[in-house]
Amino acid sequence: MSDIPYKIYLDESDLPTEWYNVRADMKNKPAPLLNPGTGHPLTAEEMGGIFCEELVAQELDDDTAYIPIPAEIREYYKTYRPSPLVRAYNLEKRLGTPAKIYYKFEGNNTSGSHKLNSAIAQAYYAKKQGLKGVTTETGAGQWGTALSMACAYFDLDCKVYMVKVSYEQKPFRREVMRTYGASVTPSPSMETEVGRKILAEHPGTTGSLGCAISEAVEVAVTNPGYRYVLGSVLNQVLLHQSVVGLETKTACDKFGIVPDVIIGCAGGGSNLGGLIAPFMGEKLRGERDYRIVAVEPASCPSFTRGKFAFDFCDTGKICPLAKMYPLGSGFIPSPNHAGGLRFHGMSPILSQLYHDGLMEAVAVEQTAVFQAAEEFARAEGILPAPESSHAIKVAMDEAMRCKETGEEKTILFGLTGTGYFDLVAYQSFNDGTMTDSIPTDEDLEKSFATLPVVPGT
């Protein structure tokens, strides 16, 4: 038995006092968001009509490496942070692998995931600005739950547009949002102009994050005293989530742990971007090398089958253009059970890092993901979220390769949250009714044909 404990708990004094901005160390910065009308980079003034003022400043800051975390945010963080870094001894034994497996567990709060790290920050800045409330979208519901908690804490109104298939599949997460005072609307809905348009074009659609974003933005910009907040993709969100990676790095350094491979699920990029931030910083500065792997669903393969191009961040095409790895803003993935990984694009930061060859990506099918999830649950005693289980699947694959080769690699992955509100998905897997859906090349080419033409890119 190693002298490293099962769970490495940091002290409250180890809670980060600053967020780390990986863009400061990137040689090739992510492309700026573009105004879809002019094709020019969005100005702070233009962004201020959608986002909170301080968040706009964070979104545009490519150069400041460390940004102080306000005391009020750190006080809230202390209610559930630092989170543990866990050595998966039981999983290692079950697999019979010489690999050392660690996971950063972010499920120890009521929202059930890492999403609370950014929700608190965004709600804080909205309150500081004197706003009445915020609007947002949510896929599987972790972000909506986290934001409803943060808004309750700061006494803000919270309007959530939840992807329709998740609204129906995950009623209990919806009720947690309502318990914290949020209004929750299945998207696309008849409440907004863009929602009615989407329903007219796609009658009976199960929705997508792109649809829900369009509705939330429309409501924010047409109601005085409201701003829109987003749970992934944006630079500001990956900044806030860097607390995950910073804590992980501190725990690793305390025990002399050096990961060979770092693995995270990737939908919009908040979890992966947060986990890898300080490690990627070392890699960018030439201080140490790591193999970094993004894992996405085969049903929504942005990295592995997308194109590095500008696209709308939403289906209704009312949001700015972002340079990322998109499948096309009109792409509506199959109603798989990893609702948080169903965004049609990917974080501009992660997209640039991937394009520059600083990380790799793999797509996995959901039946294999749930098989890995159940094996993990039986070994480690935690029922993982479907999103997190994508990382688990690839981490287990890496561990089994070590078994075959005899290599003693150190594997680190992000366990973004728990799956206790995802039991419909587990039921489908256990009943044998779960299927895999993979878009054809023809499906993707049709969607790529709708990518906007941006002169000079």
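Buried means under 20% relative accessible area, exposed means over 50%, and partly exposed lies in between (1.4 Å probe, protein chains only). This is a predicted model, so local features need pLDDT of at least 70, side-chain atom pairs count only at pLDDT 80 or more, and totals for chains, interfaces and linings use all residues. Residues are numbered from 1 along each chain as its sequence is written, and side-chain values use heavy atoms, with hydrogens and water left out.

**View 1. Serine 83 sits in a loop between helix H3 and strand E4.** Helices (H or I, at least four residues) and strands (E, at least two) are DSSP runs, numbered from the N terminus. H3 spans 71-77 and E4 spans 85-87. Serine 83 has a relative accessible area of 1%, so it is buried. Its side chain makes a polar contact of 3.2 Å with the side chain of arginine 81. A polar contact is a pair of N or O atoms within 3.5 Å; within protein, one must be able to donate a hydrogen and the other to accept it, and residues adjacent in sequence count only if both atoms are side-chain atoms. A polar atom of the serine 83 side chain also lies 3.4 Å from the backbone oxygen of phenylalanine 105. Contact means heavy atoms within 4.5 Å. Leaving aside neighbours within four places in sequence, serine 83 is in contact with Lys104, Phe105, Glu106, Asn108 and Glu247.

**View 2. Four strands form an open sheet in the order E8-E7-E6-E9.** The pairing is parallel. Strands E8 (183-187) and E9 (226-228) are the edges, and each pairs on one side only. From one strand to the next, the twist averages 20 degrees. Two strands pair if DSSP finds at least two bridges between them. Strand E7 (residues 157-163) and E8 pair over 5 bridges. Here valine 160 stands opposite valine 184 in E8. Helix H6 (residues 142-154) packs on the sheet and touches E6 (133-138) and E7. The direction of H6 makes about 165 degrees with that of E6. Axes are lines fitted to C-alpha atoms, for helices over the stretch in contact, and angles run from 0 to 180 degrees between N-to-C directions. Helix H10 (residues 209-222) lies across E6, E7, E8 and E9, at about 170 degrees to E6.

**View 3. Methionine 162 lies in strand E7.** Its relative accessible area is 0%, so methionine 162 is buried. Leaving aside neighbours within four places in sequence, its contacts include Thr138, Tyr167, Met177 and Val184.

**View 4. Helix H2 (residues 53-60) has four named buried residues: Leu55, Val56, Gln58 and Glu59.** They lie on the same side of H2, because they cover an arc of only 165 degrees around the axis. The arc is that of the directions from the helix axis to the C-beta atoms. Their cover includes strand E2 (18-20) and helices H1 (44-47), H5 (116-128) and H11 (235-240).

**View 5. Tyr76, Tyr124, Tyr125, Tyr153 and Phe154 form one aromatic cluster.** The structure holds 18 aromatic pairs. The ring centres of tyrosine 124 and tyrosine 125 are 5.0 Å apart and the planes stand at 65 degrees, so this pair is edge-to-face. Rings of Phe, Tyr and Trp (its six-membered ring) pair if their centres lie within 6.5 Å; planes under 30 degrees apart count as stacked, over 60 as edge-to-face and the rest as tilted. Tyrosine 124 is buried at 10% relative accessibility, and tyrosine 125 is buried at 5%.
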